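Student: I would like to learn how to read a protein model feature by feature. Could you take me through one?

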Amino acid sequence: MSIRAPPRLLELAGQSLLRDQGLAVSAMEELPRVLYLPLFMEAFSRRHFEALTVMVQAWPFTRLPLGSLMKTLHLETLKALLEGLHMVLTQKDRPRRWKLQVLDLRDVDENFWAVRPGAWALSCSPEATSMRQTAEDCPRMGEHQPLKVFIDICVKEIPQDECLRYLFRWVYQRRGLVHLCCSKLVNYLTPIKYLRKSLKIIHLDSIQELEIRNMSWPRLIRKLRCYLKEMKNLRKLIFSRCHHYTSDNDLEGRLVAKFGSVFLRLEHLQSLKIKLVTFFSGHLEQLIRCLQNPLENLELTCGYLLEEDVKCLSQYPNLGYLKHLNLSYVPLFRLSLEPLGALLEKVAATLETLILEGCQIHYSQLSAILPGLSCCSQLTTFYFGRNFMSVDALKDLLRHTSGLSKLSLETYPAPDESLNSLVRVDWEIFTPLRAELMRTLREVRQPRRIFIGPIPCPSCGSSPSEELELHLCC
């Protein structure tokens, strides 16, 4: 029978203070640092709002990572804390102990709270706290510098989420005293006016990842181009299901040129993802040549590219260091793949992920990319499913992967010979062909996780995943 350890003196002291909130409030200025975090967590869990309001006014650390303590924002708790911060920020002479520079509402830095009681004094020292801060997140600030509030935002929630609305209003009313910083901003299905309201409040140079979905390109360019230009630290840019249908090629060219001018300001951009690329067909070069920084990740998916678009991919130095290339569901069956093969040779020393799934590539085109593919020594993931390959073509492809020792996840289509008149797999034909392909592969290297055939697998329901072991159906 286990005996529960008696509470520590520190815990008893904190509990005693919280039983008498008047005493707790009066004691905050003199409260030992070793008691501050456990008392704050106790007040937080029991929702002693008055104590929280007072504690944040005497916060003795430079950072308050509230997001890791409060996974989901609670309105009354947030109001109590922001009320306390307002009282401090509007004072000319701020409290002696108050050191707060950053209120972090992201789910980060759990170690700040998960500290053994005996180590509180050490871990919460100015030296230990400063070690957890980065130069970007928490720069040196003077006594009356603005308080930085960090949060990741999904704009679809703004009209409904009371906490976010309250926070936005609180920040807006204290412009100059508070800077709202957002490292990741996602606009989902929300009307563009909500996104623009968010961008007017957020410090744009704090945005490192921006994702915009379900918006027409002309509106995007007209309404948001001025904001995008100011996101000087943007590293990852995602446009998903952004559409524009027109037969006016000159108009499209002008729009792409305007959009490309945004890239001239984005000196840190490393990842560009565009889903539904119809808008860029024939104009991709205008966009690529405006990139200021070598890209590590390029995704152009679920749309159409022309011959000149594919050709330009291998011609620009800023695409010579790609780690991830995704052209999934871009039909390539009518195009020459020599430029794609040249691009693979160019990025062979860096490429880790190659996704050509659903590109409708025919075996007659395969020879154009095999020499480049065989040189990609760093490749770990290769998706090639849903293409049109004969057994002999697949064997040739598998043999060309003999030098890809780091390849840990790969997918290939069922050979054409195993498909019936409805383009579905005939399992009686397919099963021995797959065994033959696996023997061919094992002659040159030992696979790790591999899928050959339809996905998800009709017999076991599996799909490609970094977490799965070798596909049992193979």
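Tutor: What follows is a walk through a predicted model, from the overall counts to single residues.

Student: How many helices and strands are there in the protein?

Tutor: The protein has 17 helices and 15 strands. Its length is 474 residues, and buried residues make up 52% of them. Of the contacts with a separation of 6 or more, 79% are between residues 24 or more positions apart.

Student: Which residues touch the most other members of the largest nonpolar core?

Tutor: The general idea is that in soluble globular proteins, nonpolar side chains tend to be buried together. Here the largest nonpolar core has 135 residues, and Trp59 and Phe263 touch the most other members. Once neighbours within four places in sequence are set aside, the contacts of Trp59 include Tyr36, Leu37 and Phe40. Leu64, Leu100, Phe112 and Trp113 are also among them, and so are Arg97, Trp98 and Lys99.

Student: Now a helix. How does the span of α5 relate to the expected value?

Tutor: Helix α5 has 15 residues, and its first and last C-alpha atoms are 20 Å apart, close to the 21 Å expected at 1.5 Å a residue.

Student: Which residues of α5 are buried?

Tutor: An α-helix has 3.6 residues a turn, so residues three or four places apart point the same way. In α5 the buried residues are Leu75, Thr77, Leu78, Ala80, Leu81, Leu82, Gly84, Leu85, Val88 and Leu89. They are covered by elements that include the helices α3, α4 and α8 and the strands β2, β3 and β5.

Student: How is α5 oriented relative to α8?

Tutor: For a pair of helices, look at the distance and the angle between the axes. The axes of α5 (residues 75–89) and α8 (residues 162–172) come within 10 Å and cross at roughly 10 degrees. Angles under 35 degrees count as roughly parallel, so α5 is roughly parallel to α8.

Student: Which residues meet between α5 and α8?

Tutor: On the α5 side they are Leu75, Leu78, Lys79, Leu82, Leu85, His86 and Leu89; on the α8 side they are Glu162, Cys163, Tyr166, Leu167 and Trp170. By type, this contact has nine nonpolar residues, one polar and two charged.

Student: What about α9 and its surroundings?

Tutor: In α9 (residues 192–201), the buried residues are Ile192, Leu195, Ser198, Leu199 and Ile201. They pack against α8 and α10, as well as β5, β6 and β7.

Student: How far apart are the end C-alpha atoms of α10?

Tutor: An end-to-end distance can be checked against that of a straight helix. For the 12 residues of α10 (residues 217–228), the end C-alpha atoms are only 14 Å apart, whereas a straight helix would reach 16 Å at 1.5 Å a residue. Trp217, Pro218, Leu220, Ile221, Leu224, Tyr227 and Leu228 are buried in this helix. Pro218 has a relative accessible area of 14%, so it is buried.

Student: Is Lys395 buried or exposed?

Tutor: Lys395, in helix α16, counts as buried because its relative accessibility is 13%, and the cut-off for buried is under 20%. Beyond residues up to four places away in sequence, Lys395 touches Glu436, Leu437 and Thr440.

Student: Where does Arg265 lie, and what does Arg265 touch?

Tutor: Arg265 lies in the loop between α11 and β9. With a relative accessible area of 38%, Arg265 is partly exposed. Not counting residues up to four places away in sequence, Arg265 touches Lys229, Glu230 and Lys232. Arg265 and Glu230 are 35 residues apart in sequence, and their C-alpha atoms are 7.5 Å apart.

Student: Last, backbone angles. What is the phi of Tyr329, and what is that of Val423?

Tutor: Tyr329 is not a glycine, yet it has a positive phi of about 60 degrees. It is found in the loop between β11 and α14, and at 35% relative accessibility it counts as partly exposed. Val423, also not a glycine, has a positive phi of about 60 degrees. Val423 is in the loop between β14 and α17 and counts as exposed, at 55% relative accessibility.

Methods
Residues numbered from 1 in each chain as written. Predicted model: local features only at pLDDT ≥ 70, side-chain atom pairs only at ≥ 80, totals over all residues. Heavy atoms only, no water. Core = buried A, V, L, I, M, F, W, Y, C linked by side-chain atoms within 4.5 Å. Buried < 20%, exposed > 50% of the residue type's maximum accessible area, 1.4 Å probe, protein only. Contact = heavy atoms within 4.5 Å. Axes fitted to C-alpha atoms, helices over the stretch in contact; angles between N-to-C directions. Helix = DSSP H or I, 4+ residues; strand = E, 2+ residues; numbered from the N terminus. Parallel < 35°, antiparallel > 145°, perpendicular 65-115°, else oblique. Nonpolar A, V, L, I, M, F, W, Y, C, P; charged D, E, K, R; others polar. Expected span 1.5 Å × (residues − 1).
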